[in-house]
Structures are given as C-alpha cells and as structure tokens.
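Welcome, and please open your viewer before reading on. We will go through the model stop by stop, selecting one thing at a time.

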Amino acid sequence: MSELTLESISTQYFDVLKELGNIGAGNATTALASLLQCKVDMKVPQVLTLDFKDVGTLLGGEEQVMAGAYLAVEGDITGSILFLVKKDIAIHLVKKLMGDMASEDFGEMERSAFKEISNIITGSYLNALATLTNLTIYPSIPDLAIDMAGAILSVPAIEFGIMGDKIILIQSQISDDIDIDGYFIMIPDMESYEKILSALGILNI
Amino acid sequence: MEVKVGMADMNVCASPDSIITLGLGSCVGLVLYDPTTKICGMVHVMLPDSKTIGVGTNPAKFADTGVEELLKMVVKKGAKKEKLVAKMAGGAQMFSVNKDSPMLRVGERNVAAVKEELKKLGIRLISEDTGENFGRTVIFYPESGEYLIRAIGKEPKTI
C-alpha cells in the first residue's frame, strides 16, 4: 500500500469528501446559526481538485487577502486542516459574533473570535468524519494567518505536494445576510488516507 | 512584459522584461541572474528534496532538482554560468500549532536545501529575505538586478 499516490486514491477520496462536505456543512450551518444567533442557509458544497498553478486563481488571485485557520489533527488519524475565507468575510463573521466591539483591523480580540468560529466550523467537519468512519479524531488549537491566498495555500499545497501535483478542497457556501464562501481543506497523512478509506469499507487492506 | 512563475514552476526572462511570482508562503522564490547579459530565471520551489518522495515528475517542485534545472534554462537562454549570482525570498512559516510539525517548518528546510544546492553548483547567493511568518510577492528586474518584495501591511523592500 506504500505505492498509493494521491492520484490513485483520489476518486474514492473525492466521494468521501463529498459526503463529508454535505454532512459537515450541515453541522456547521446549525452550529453557526446558534453561535451567531441568526438564520443561516447553506448550498450544496462542491469538492474541487485543482492543479497547483490554478490554486490562487480560484480564490480571486494569489494576492487576495484571506483569513486562514490551521489545525493539526491527532488520534486514530493524523494530518491537518485548513479553513479559509476572504478577509472581509472573516470580519463580517467576527462582527456578527462580537457586535459593535469588533474593529476592521483584526486585533487580538478579532483574531480570537475568528479562531472560535473556525473551531466550530472545522469541528463540524471533523465530527462528520469521526461519525462516518468511527475513528477518534482530536483537533489542536487553531493558528490564524491573515495573508495572501497564495501564501496561505502554500501550506496545504506542500503537504499535498508530497503525494502529487494537485490539491483537493471542499468549497461550501452558506449565507446569513451575505453569501459566505468558505474553503475547507483536509490533508490526512498518507497512512491516514488508508485508515479513512478502509474504515469506510472502500479500501481493503 | 512581466513573466509569471506559478507554484512549482520556473521560467526565464531578459531585460527589459521582469519576472514575478505571487504570494510565496513556505515556498522559496530563487532567482539566478547574470548581470553582464541581464538574463535571469526564477524557480518557485515547494519542497526540499525529491529523493524522499516517489512522485518527482516536476523538477521545479524540489530544491535539489529545481536549482539545477533553472541553471540549465538560464544558460540555454544565453546567461554565462561563471557570471551567475543568486537572490532568494520566501521560506516563511505561515502557521504554528502546539504539535511540532516538520511540515510546518518546511520553509526553513526549503531555504537550507536551496543554499546547499547553490553551494554545490558554485553559485554565490548575494542577498535573501527569508523566514518569518508572512507571505511575499516577489518581482525581479534583470535590468537593475533588483529583487522587489511586497508583503501585506509592510513597506515594499528591495534586496
């Protein structure tokens, strides 16, 4: 099984992510509605496979300023998770949570609030994955970067880069007063792919 | 004209054109430059070592293969090997979490691997802006030899 590459397992993994996207986004929508105390709608999430060279363009260019929350994952599987939205969307969410106290410049309070929102959203996806696979998954405390899309996405691209030349992500759209495009990238370590796929009965080892 | 270099990509250009890569994070943007012919090339390296990874089809992705390949490209374009100097930027650590992850520190490993490769090939590194925790857009102008670095919320800087 050491011969597995991202290309060879991507079809199965793609289906897993689609299912995960649906359940995860559903959970996230419910959790966000209760956190932000407002009505939140969601659309069917898309799973996208992108070549490295197209990674930046999807999000409005490599220099588009984004807020990205990164978590390490431990337990039965190991790997990492990145959740990102455009900076103005992050500010919108933070304002919803903090009310008038929030400022546009992303100080300590705003960073902390966005980490909490990211925790809830990534937690929703991880719960979905844990439920689907019956695996135990612990996320770390997130770290936050407000920076260019290209720079933030270099992190998952490099982690995927060990296995291939593509990046797989879940694009979800939820809306409260405005449309919120969020991108969710899960990068299991190589042996964790096998665990996820075999836990789902897709891959027989 | 501005020649664009994507992630895990490389290209060459000559004065008066310039060469750019957008939003470098942990990746390294290395420039090889011949001041006498004003010919240069840039590689956007993602990972330090192709040998530990089985899927090394694209030489530009790795420091150990990318630097050498870029050298071939600039020489083919007309640069003189003995005149070449190098400048580099990038290699940031974008995130840090409680678990000590070698993947998150790939930036510094990329920088070290590029330096080692330059040493092996006998090319002098004359300036660098590497490490820290922010993204960089980099543009090289072979006419002046200036390497311009832009970052969010920071003054542009030339190395």
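**Stop 1: chain A**

Keep in mind that this is a predicted model. Select chain A and color it by confidence: the average pLDDT is 83, and 93% of the residues score at least 70. Among the elements of chain A, strand β6 (residues 143-148) has the highest mean pLDDT, 94, while helix α2 (residues 55-58) has the lowest, 72.

Now switch to a cartoon view. You can find six helices and eight strands in chain A. Trace them from the N terminus and the order reads α-β-β-α-β-β-α-α-β-β-α-β-β-α. The radius of gyration of chain A is 16 Å, close to the 17 Å that the globule rule gives for 205 residues, so chain A is as compact as a globular protein of that length.

How many of the 205 residues of chain A, in percent, count as buried? The figure is 45%. Next, think about contacts in chain A between residues with a separation of 6 or more: 71% of these are between residues 24 or more positions apart.

**Stop 2: two helices in chain A**

Select residues 87-98 of chain A, which form helix α3, together with residues 108-133, which form helix α4. A pair of packed helices is described by the angle between the axes and by the distance between them. Here the angle is about 95 degrees and the axes are 9 Å apart. Because an angle from 65 to 115 degrees counts as roughly perpendicular, that is the description for α3(A) and α4(A).

Show the side chains where the two helices meet. From α3(A), pick Ala90(A), Leu93(A), Val94(A), Leu97(A) and Met98(A); from α4(A), pick Met109(A), Glu110(A), Ala113(A), Phe114(A) and Ile117(A). By class, this contact has nine nonpolar residues, no polar ones and one charged.

**Stop 3: Ile185(A)**

Zoom in on Ile185(A), which sits in strand β8 (residues 179-188) of chain A. Is Ile185(A) buried or exposed? Ile185(A) has 24 other C-beta atoms within 10 Å, and 20 or more make a residue buried, so Ile185(A) is buried.

Leaving out residues up to four places away in sequence, Ile185(A) touches Ile81(A), Leu82(A), Pro156(A) and Leu169(A). For another landmark, select Glu116(A): the C-alpha atoms of Glu116(A) and Ile185(A) are separated by 18 Å, and the two residues are 69 apart along the chain.

**Stop 4: where the chains meet**

Display both chains. Here 32 residues of chain A are in contact with 30 residues of chain B. On the chain A side, the elements giving two or more residues are α2, β3 (65-75), β6 and α5 (149-161). The chain A side divides into 17 nonpolar, seven polar and eight charged residues.

**Stop 5: chain B**

Finally, select chain B, where there are two helices and 10 strands. From the N terminus, the elements run β-β-β-β-β-α-β-α-β-β-β-β. The radius of gyration of chain B is 15 Å, close to the 15 Å that the globule rule gives for 159 residues, so chain B is as compact as a globular protein of that length. Along the principal axes, its C-alpha atoms fill a box of roughly 50 × 40 × 25 Å. Buried residues make up 48% of chain B.

Technical notes: Residues numbered from 1 in each chain as written. Chains lettered and ligands numbered in written order. Predicted model: local features only at pLDDT ≥ 70, side-chain atom pairs only at ≥ 80, totals over all residues. Helix = DSSP H or I, 4+ residues; strand = E, 2+ residues; numbered from the N terminus. Buried ≥ 20, exposed ≤ 12 C-beta atoms within 10 Å, placed from the backbone. Contact = placed C-beta atoms within 7 Å. Rg over C-alpha atoms; globule rule 2.2 N^0.38 Å. pLDDT = per-residue confidence, 0-100. Nonpolar A, V, L, I, M, F, W, Y, C, P; charged D, E, K, R; others polar. Axes fitted to C-alpha atoms, helices over the stretch in contact; angles between N-to-C directions. Parallel < 35°, antiparallel > 145°, perpendicular 65-115°, else oblique.
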